[in-house]
Amino acid sequence: MASLCNLSISKRGKQSEPKCRHDTGSAVLVNEECWRSEMDKIVNCLYRRPEALFRLICFPWAGGGSIHYAQWGKHFTSLIEVYSIRLPGRETRSKEPITQSVEQLIEEISSILLPCLKEKPFAFFGHSFGAYLSFATAALIQQNHGLEPVHLFVSGASAPHSPARYPIHKKSDLPDDEFLKWMTSIGGTPSEILANKAILQMFVPVLKADLRLVESIRYEKPQDKLFTCSISSFDGKDDVPHDLEAWSDLTSGEFTIHKLPGAHFYLKEPDNEKFLIAYITKHLETAEVHYL
């Protein structure tokens, strides 16, 4: 098994489903209503489709919230339900402390999602920081529960074991003025946010914290393939180069690369978004599913 530093994906026994506890002596109450409350906290699903055949679970980019992907739900057919992951420190979870550990983050996500993942086939999509979260969550669930996505869609990121991931200077260490220049250069952040100091004071710490998590990940190329599912990797043609090819080291399934017009946040462009949604729809609806 590949070794990990700061991101341990080793078996620790089965994860339990999240429990809500009400202490009355030794009594512990665990119920579906409580689990649903935890789900609503972590998952944003604007377009519920309980009869869908697949769930697409989307992981945010660094500093990102859940709204962008949650809105994707209206573009998919009735066969696909979209879950958008909401992380601590943003949106309705803004009062929660920002997670300092990738391991803690993926364990929370996977434990809450587990009942849904057992229910029907699922796929993961993640861009940039979200690509690493989706990979790490998929690896944890596969190793602890024998479940894996029918497809892993990763975007704007080198494979986790690629040497291309390790720049000389960490972006999270930049002074705020240089950090803002870098944010502006990669695009994706609305100009009204960049021009509002009060909003930046809330946004920048979250973004830097997410980047620190990414920068802390150390992953070695696995001796054996981790997955059997297909992996599709995407990138903006004008973004800094990413080692997309190395994602093929992680699966024995089909692997493809797609480069679309634009820079790091190419996926926000309407034409690119249409392409991604059509591509994901096609590959889920035609997936050869072996799901127990």
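User: How do the residues of the lining of the largest cavity divide into nonpolar, polar and charged?

Analyst: This is a predicted model, and in it the lining of the largest cavity comprises 5 nonpolar, 1 polar and 2 charged residues. The lining is formed by Leu 87, Pro 88, Arg 90, Ile 98, Thr 99, Leu 105, Asp 210 and Leu 213. The volume of this cavity is about 40 Å³, and the search of the whole structure finds 1 cavity of 30 Å³ or more.

User: Which members of the largest nonpolar core touch the most other members?

Analyst: The general idea is that nonpolar side chains tend to be buried together in soluble globular proteins. Here the largest nonpolar core has 59 residues, and those touching the most other members are Ile 57, Ile 85, Leu 113, Phe 135, Phe 227 and Trp 247. Helix α4, residues 129–145, gives the most to this core, with 10 residues. Apart from this core lies another, of 23 residues, including Leu 56, Trp 61, Leu 260 and Leu 284.

User: What does Leu 113 touch, not counting residues up to four places away in sequence?

Analyst: Leu 113 touches Met 39, Val 43, Ile 57, Tyr 83 and Ile 85 on that count.

User: How many disulfides does the structure hold?

Analyst: A disulfide is a covalent bond between the sulfur atoms of two cysteines. This structure holds 0 disulfides.

Technical notes
Residues are numbered from 1 along each chain as its sequence is written. This is a predicted model: local features need pLDDT of at least 70, side-chain atom pairs count only at pLDDT 80 or more; totals for chains, interfaces and linings use all residues. Side-chain values use heavy atoms; hydrogens and water are left out. A nonpolar core is a set of buried Ala, Val, Leu, Ile, Met, Phe, Trp, Tyr and Cys residues joined through side-chain atoms within 4.5 Å. Buried means under 20% relative accessible area, exposed over 50%, partly exposed in between (1.4 Å probe, protein chains only). Helices (H or I, at least four residues) and strands (E, at least two) are DSSP runs, numbered from the N terminus. Contact means heavy atoms within 4.5 Å. On a 1 Å grid over the protein atoms alone, a cavity is a set of points where a 1.4 Å probe fits but cannot get out, and a pocket is an open set with protein on both sides within 12 Å along at least five of seven lines; lining residues have an atom within 4 Å of a point. Grid points are joined across faces, edges and corners, and a volume is the space filled by probe spheres set on the points. Ala, Val, Leu, Ile, Met, Phe, Trp, Tyr, Cys and Pro count as nonpolar, Asp, Glu, Lys and Arg as charged, and the others, Gly among them, as polar. A disulfide is a pair of cysteine sulfur atoms within 2.5 Å.
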